Amino acid sequence: MSIGRYQCYALMRCQDEEKTMSSDRKTSTRQKILEVADDLFYREGIRAVGVDIIIAQSGVAKTTLYRYFPSKDDLVVAYLEERQNSFKRLFEIAIARYPNEPKQQIIALFAWLDKYLAKPECYGCPFLVTASELPELEHPAHQLAVANRIAIRDRLVSLAEAVGVDNPQQLGVHLLLLIDGAFTQRRLFGIEGFDVRLKPIVAQLVDGNG
């Protein structure tokens, strides 16, 4: 009876390990598809990239891709959600270097953006590109792009409020316009034709209250 109990326990552990391995494989496969889609969507555009190209480069079966992402729209939304989470994390890391110094936080954020915009792998803002490629207001990817810009604007406004400027709403809007303009120019002109530094512009905006 005692042996049977141990055998049962060992079997349960084995089953748990198999479930964990299966879950890991699913996560790995989904992530691989998403990474390929992310690279292609960002570099070449959403409409230019078909599902068949993603399947071929991911090395998965069509049924596998559709099991994780029932439609291309679902894959686009997942791509944007990953981008949003990454941007938010890097945004907060940039400003975390200056706790309780909101003015320096804003300047540090734009110093980080300067570095990002100067990278060869930067092709502009994926949310602005998506909104232009998928202009239908009811499209879930378009709505996610709009929500992303609103979230960034609100975060910038909160930083402006912490600085104590006269019109934090206006400064937040102007800072977002500066970000969007820089990303748009980077996409339009490429790295060779882009020579803008946001940090000194932002410092003047903050000092002049936007």
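This report describes cysteines, a helix pair and salt bridges in a predicted model.

## Basis of the model

The model is predicted, so local features need pLDDT of at least 70 and side-chain atom pairs count only at pLDDT 80 or more, while totals for chains, interfaces and linings use all residues. Residues are numbered from 1 along each chain as its sequence is written, and side-chain values use heavy atoms, with hydrogens and water left out.

## Cysteines

A disulfide is a pair of cysteine sulfur atoms within 2.5 Å. By this rule there are zero disulfides. C122 takes part in none, as the nearest cysteine sulfur, that of C125, is 9.2 Å away; this distance is too far for a bond.

Relative accessible area describes exposure: buried means under 20%, exposed over 50%, and partly exposed in between (1.4 Å probe, protein chains only). C122 is buried at 0%, and C125 is buried at 3%.

## Helices α5 and α8

Helices (H or I, at least four residues) are DSSP runs, numbered from the N terminus. Helix α5 (residues 102-117) packs with helix α8 (residues 168-189) at about 5 degrees, their axes being 11 Å apart. Axes are lines fitted to C-alpha atoms over the stretch in contact, and angles run from 0 to 180 degrees between N-to-C directions. The two helices, α5 and α8, are therefore roughly parallel, a label for angles under 35 degrees.

Contact means heavy atoms within 4.5 Å. From α5, I106, F110, L113, Y116 and L117 meet L175, L178, I179, A182, F183 and R186 of α8. The residues of this contact comprise 10 nonpolar, no polar and one charged. Here Ala, Val, Leu, Ile, Met, Phe, Trp, Tyr, Cys and Pro count as nonpolar, Asp, Glu, Lys and Arg as charged, and the others, Gly among them, as polar.

## Salt bridges

A salt bridge places a side-chain nitrogen of Lys or Arg within 4 Å of a carboxyl oxygen of Asp or Glu. The whole structure has nine salt bridges. One of them joins R149 and D180 at 2.3 Å, N to O. This pair links distant parts of the chain, with R149 in helix α7 and D180 in helix α8, 31 residues apart. Both residues are buried. R149 also touches residues including C125, F127 and L128.

R43 and D39 form another salt bridge, with closest N and O atoms 2.8 Å apart. They are four residues apart in helix α1 (residues 2-44), and are therefore separated by about one helical turn. R43 is partly exposed at 33%, as is D39 at 34%. A network of salt bridges links D39, R43 and E44.

Note on methods
Angles under 35 degrees count as roughly parallel, over 145 as roughly antiparallel, 65 to 115 as roughly perpendicular and the rest as oblique. Lists of a residue's contacts leave out its neighbours within four places in sequence.
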